[in-house]
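User: I'd like to learn how to read a few features of a model. Could you walk me through one?

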Amino acid sequence: MDLQHWLRQAAQSNQEWTADFGPYQTHPSLDIEDGRFAEVFEEFTERLKDNYPFFHPRYAGQMLKPPHPAAVVGYVTAMLINPNNHALDGGPATARMEREVMQQLAGMFGFTTHLGHLTTSGTMANLEALFVARELHPGRGVAYSAEAHYTHSRMCGVLGIEGHAVPVDGRGRIDLDALEDLLRTGRVGTVVLTAGTTGLGAIDPIHEALALREKYGVRIHIDAAYGGFFTLLAGADGPAGLAEAPWRAIAQCDSVVVDPHKHGLQPYGCGAVLFADPDVGRFYLHDSPYTYFTSTELHLGEISLECSRAGAAAAALWLTFQLLPPTPDGLGTVLAAGRRAALQWSQLIDSSDFLTLYQAPELDIVSYFPVTEPAALSAIDQASARVLQHGMTEPDPVFLSTLRADARAFAARHPGVTADAEGARLLRSVLMKPESERYVTHLHARLEKLV
Ligand SMILES: *Cc1c(COP(=O)(O)O)cnc(C)c1O
């Protein structure tokens, strides 16, 4: 699709719609002369050049990439109207689009019933899930793995509940024995399991943890902010396919969070939370003199901690899902390419004399470190930092990220490395652009030279 053409169409469709309401005078206080705008715009675009090239496969660092052009056009077109999905009256069209995309996301996870909505981020979505968890289990805490997203402990603080970090195994997954020891104390009301940790993409054994729910009367919340869309590869044929069990088990959990602004091709400002039991909506009841509801249809503002929310975010996701639905043949093909890229690169690293694989990629995150002499944590740490820095500044640049691993985590994977420090930085590449598949041989050759 031709982005420039459709951006013009966005402006035109808005003009046609607004013209229907008849002429009116715009106010001179808002007038800006084109010449003046041009000057400021030039400075503005110049300043924006101070960014890493997230769009290019040579950027193989954090979870960052531009949205799909369909999402951009959807966002801009709706933003020209600027509906507020707080209430149906704030934007009936985008509120209905939001309900439809939530239905699609619920279907993707296999939820047969659901209540859910979009949020501005995964952090806010997790906060909502933990808020409901607290209301249902007052006085009991929340358990999550030591590799869970850092915002879980922060939000437990915000909610005034006790957070418990549970140790992980040698692949970064929650240790179920340690979890069960904690559950025996009766202090925990909710377990957060991560389907794709932010650092390494590790998938907690959700299917095995389900038995603990009945045994200890706890809720299970799944944080799939980053990994959620990988459920589309569960049980798929070919190298990109993932073991089905943990992904299928999500359908039996109490709530799940996924970030369309990570793997759903959306601009920032798009997270989502889903509850299996629609009845939890009762915890959001509120009454205020300035919100007004004109129908008995479900108002998303009634089931959200946030008030104003961009209708444009729902519009962008709806338009994207019409074209690339959250199905194995739709968005699944995009994720599969990134997963294949990660597997291909990890094989190259595995047979390299210059790089060592930290652990096999669970999803589309590759973790690795330079071969050093001696093979010790302090040397690895310095070499990783040097490759990161030189990669960005030398010609034919590559943009990576680092991940800090403590000595215990390192020893679990690489017992031969001397632990002469508390931990070390290693290199980490999230291959979330399907274009990476055609680029990993180049990335690898470049890195071998940098080491
Ligand atoms: C990114 C991420 C979050 C936080 O989401 P934001 O959208 O950045 O607020 C939470 N959990 C996991 C597993 C994540 O990867």
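User: How far is an oxygen atom of the ligand from an N or O atom in the side chain of Thr 123?

Analyst: Quick ground rules before the number. This is a predicted model, where local features need pLDDT of at least 70, side-chain atom pairs count only at pLDDT 80 or more, and totals for chains, interfaces and linings use all residues. Residues are numbered from 1 along each chain as its sequence is written, and side-chain values use heavy atoms, with hydrogens and water left out. A polar contact is a pair of N or O atoms within 3.5 Å; within protein, one must be able to donate a hydrogen and the other to accept it, and residues adjacent in sequence count only if both atoms are side-chain atoms. For Thr 123 the distance to a ligand oxygen is 2.5 Å. Asp 259 has an N or O side-chain atom 2.6 Å from a ligand oxygen, and for Lys 262 the value is 2.9 Å.

User: How many residues surround the ligand?

Analyst: There are 14, counting a residue as near if one of its heavy atoms lies within 4 Å. The closest are Thr 123, Asp 223, Asp 259, His 261 and Lys 262.

User: How do I read a helix pair, and at what angle do H5 and H6 cross?

Analyst: Two packed helices are described by the angle between their axes and the distance between those axes. Axes are lines fitted to C-alpha atoms, for helices over the stretch in contact, and angles run from 0 to 180 degrees between N-to-C directions. Helices are DSSP runs (H or I, at least four residues), as are strands (E, at least two), numbered from the N terminus. Here H5 (residues 122–136) and H6 (residues 151–159) cross at roughly 50°, and their axes come within 10 Å. That makes H5 oblique to H6, because angles under 35 degrees count as roughly parallel, over 145 as roughly antiparallel, 65 to 115 as roughly perpendicular and the rest as oblique.

User: Which way does the H4 and H11 crossing go, left-handed or right-handed?

Analyst: Left-handed. H4 (residues 92–109) and H11 (residues 311–323) pack at about 50°, axes 8 Å apart, so H4 is oblique to H11. The H11 side of the contact includes Trp 318 and Phe 321, and the H4 side includes Met 97 and Val 101.

User: And how are H7 and H8 arranged?

Analyst: H7 (residues 176–184) and H8 (residues 206–216) pack at about 10° with axes 11 Å apart, which means H7 is roughly parallel to H8. Leu 179 and Leu 183 of H7 are among the contact residues, as are Ala 209 and Leu 212 of H8.

User: What should I look for in the backbone, and where is Pro 374?

Analyst: Most residues other than glycine have a negative phi, and most peptide bonds are trans. Pro 374 sits in the loop between strand S9 (365–370) and helix H13 (377–393), and the bond from Glu 373 to Pro 374 is cis, with omega near 5°. Asn 82, in the loop between helix H3 (69–79) and H4, has a positive phi of about 60° although it is not a glycine.

Methods
Left-handed = near helix turned anticlockwise from the far one by under 90°. Contact = heavy atoms within 4.5 Å.
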